[in-house]
Amino acid sequence: MRDYDKITAFFGEWGPYQILTFFVLSLSVFPNGFGGMSIVFVGDIPEHRCLIPGNLNLSEAWMNRTIPLEQDKDKLQYSKCRRYRLDVIRNLSEIFPDPDSVNISEVGQEPCLDGWVYSKEQYISTIVSEWDLVCNNAWKMPFSMSVYFLGVLTGSFVSGVLSDRFGRKAILFVTMAVQTGFNVLQVFSSSWEIFCLVNFLIGIGQISNYVAAFVLGSELLGKSIRITYCTLGVGISYAFGYMFLPLVAYFIRSWKMLLFTLSLVGLIYIPLWWNNAQPVMIKCRVQFSWRKREIVSWKLEDIKDKNIKSFSITHLIKTHNIRSITIINLIVWFILAIGYYGLSLNTPNLHGDDYLNCFISGAIEIPANLAAWFFLQKFSRKLSLSGSLFFGGIVLFFVQLIPSSISILATMLVMIGKLANTCAFAIIYTYTAELYATVIRNTSVGVCLMASRLGSIISPYFFYLGAYYEFLPYILMGSLTVFSALLILLLPETINFPLPDTIDQMQRMKGFKNAWNHRYYLNTNETTTEVNCMAIKKEEL
């Protein structure tokens with residue numbers, strides 16, 4: 001990486017071309033902020049209860065008694081999935097005009113055989129009301145989101161290969177077109193199954209665009225700006241996209257119109273295809289043309305000198321030391337994904353206005369990314385990551401102690417937990433890349449991201465545990481997050497230490513206590529503060 005920076009130094013660090021590249025690529029991540037989170041409103045569950053056919057000729061008094069009352073937390077409310085047997089109710093209504101003269105609780109119950117009626121107070125329609133994803137079919141709504149994350153996992157495998165094969169810019173714009181096109185197509189889904197299939201394809205496009213933007217920015221920006229681009233440029237653009245979602249959803253209460261409106265945002269990127277900063281790029285191309293031979297020569301010499309060979313995924317578990325680091329990283333990435341997406345998707349269940357909660361959940365990512373950037377610049381990687389996780393876990397664990405009379409305080413704690421979790425997510429990319437040797441760095445980050453995607457796939461179901469105990473999801477999430485914070489303390493520190501180039505240098509880390517031989521430090525000028533997003537994000541998501 002140090003040689004790459006020297007060879008491409010003629011690009012400059014922060015000129016007109018870099019400024020344009022920084023902001024254009026950051027802007028390309030904007031749709032990713034609302035793309036994955038649109039299910040918060042598209043798939044929200046309106047108030048509902050069993051539909052009672054109008055041909056029964058029941059009086060208003062009897063109609064109001066056809067749905068049994070059930071205890072829900074601290075209050076009684078109409079059942080959402082059961083009704084009294086309508087044949088019995090109709091016979092009783094013919095005999096007893098006044099339902100108060102009958103003990104209706106003794107009447108048998110039946111499921112909602114005629115479907116459901118949904119409240120229009122908040123939404124005109126959602127996919128839940130469109131295809132009756134309630135009661136026995138309630139599992140289908142979170143599955144819709146899991147399918148999206150399954151697409152993200154699939155896109156993680158192919159995005160890097162496609163970018164290397166067809167070029168970063170081509171894949172960037174093709175995947176943005178995929179997002180826009182399939183978002184429009186999703187509006188015309190005739191069934192839940194088709195909606196899920198399209199959601200899977202959208203997930204592939206979303207992550208492929210994200211990866212292409214990261215890698216392209218890593219290759220075009222100087223090393224002094226790469227960390228800023230990764231943590232602030234991309235992170236804050238994603239946060240603005242996240243905040244954009246509730247602003248649009250507040251005014252558009254139909255899921256089809258909401259998705260269609262959001263998809264139109266992709267059209268504003270079409271002119272960027274022809275925006276290549278021509279005057280600057282001509283100069284870069286001319287200078288880069290005669291540098292190609294130097295780059296090729298450098299690569300051949302590097303291979304000759306270092307005797308670099310290919311390394312497989314099995315090298316991540318080859319020794320006790322590397323195996324332990326890998327296992328800890330997989331667990332932490334898995335837990336982080338559950339926490340981040342679980343908290344993000346749960347905003348409709350929080351106290352207060354759904355739209356305001358979602359906006360705050362997105363806005364809180366801005367200070368989270370600023371904090372991560374500051375920690376990466378000034379403090380220990382290990383303690384910054386562990387501290388963020390520990391703080392976030394403790395905050396979530398204490399949600400259960402808040403009385404229902406001040407539930408707004410519980411919402412505040414959840415948002416603080418989300419801030420800490422987002423900060424940790426931004427830090428762990430850099431930390432993970434610095435832990436591994438150059439020859440297996442891309443593989444290791446890629447494997448960790450796979451663990452993260454597996455966590456995101458199950459995250460939509462995590463808060464369904466609240467059906468057994470209201471605060472069970474927060475207790476589990478807080479406990480797991482604190483556990484991951486303690487695991488991080490077992491890992492070595494990496495700040496101001498040189499990046500390991502080979503497996504042998506990584507093996508010199510004795511257990512988790514000592515760094516490498518100090519002679520290695522004294523013979524290199526490369527430090528981990530020079531780590532850039534190309535190393536961190538080459539195999540992104």
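Helices here are DSSP runs of H or I with at least four residues, strands are runs of E with at least two, and both are numbered from the N terminus. The model is predicted, so local features need pLDDT of at least 70 and side-chain atom pairs count only at pLDDT 80 or more, while totals for chains, interfaces and linings use all residues. Residues are numbered from 1 along each chain as its sequence is written, and side-chain values use heavy atoms, with hydrogens and water left out.

Let us begin with the whole protein. It has 23 helices and 6 strands. Of its 541 residues, 54% count as buried, where buried means under 20% relative accessible area, exposed means over 50%, and partly exposed lies in between (1.4 Å probe, protein chains only). The accessible surface comes to about 25,000 Å², and carbon and sulfur atoms hold 64% of that surface; such areas come from the Shrake-Rupley method with a 1.4 Å probe, and for residues only the protein chains shown count as cover. Among contacts (heavy atoms within 4.5 Å) with a separation of 6 or more, 81% are between residues 24 or more positions apart.

Now look for Trp333, which sits in helix 14 (residues 320-345). Trp333 counts as buried because its relative accessibility is 0%. Leaving aside residues up to four places away in sequence, Trp333 touches Phe425, Ile428, Tyr429, Thr432, Cys448, Leu449 and Ser452. Leu454 is 121 residues from Trp333 along the chain, yet their C-alpha atoms are separated by 9.5 Å.

Next comes Asn421, in helix 18 (residues 407-435). With a relative accessibility of 6%, Asn421 also counts as buried. Its contacts, again not counting residues up to four places away in sequence, are with Leu336, Gly339 and Tyr340.

Helix 2 (residues 16-28) lets you check a helix by its length. Its 13 residues should span 18 Å at 1.5 Å a residue, and its end C-alpha atoms are 18 Å apart, which agrees; the expected span is 1.5 Å times one less than the number of residues. Within helix 2, Tyr17, Gln18, Thr21, Phe22, Leu25, Ser26 and Ser28 are buried. Seen down the helix axis, these buried residues fall within an arc of 150°, so they line one face of helix 2; the arc is that of the directions from the axis to the C-beta atoms.

Finally, turn to Leu267, in the loop between helix 12 (255-263) and helix 13 (278-306). Leu267 is partly exposed because its relative accessible area is 45%.
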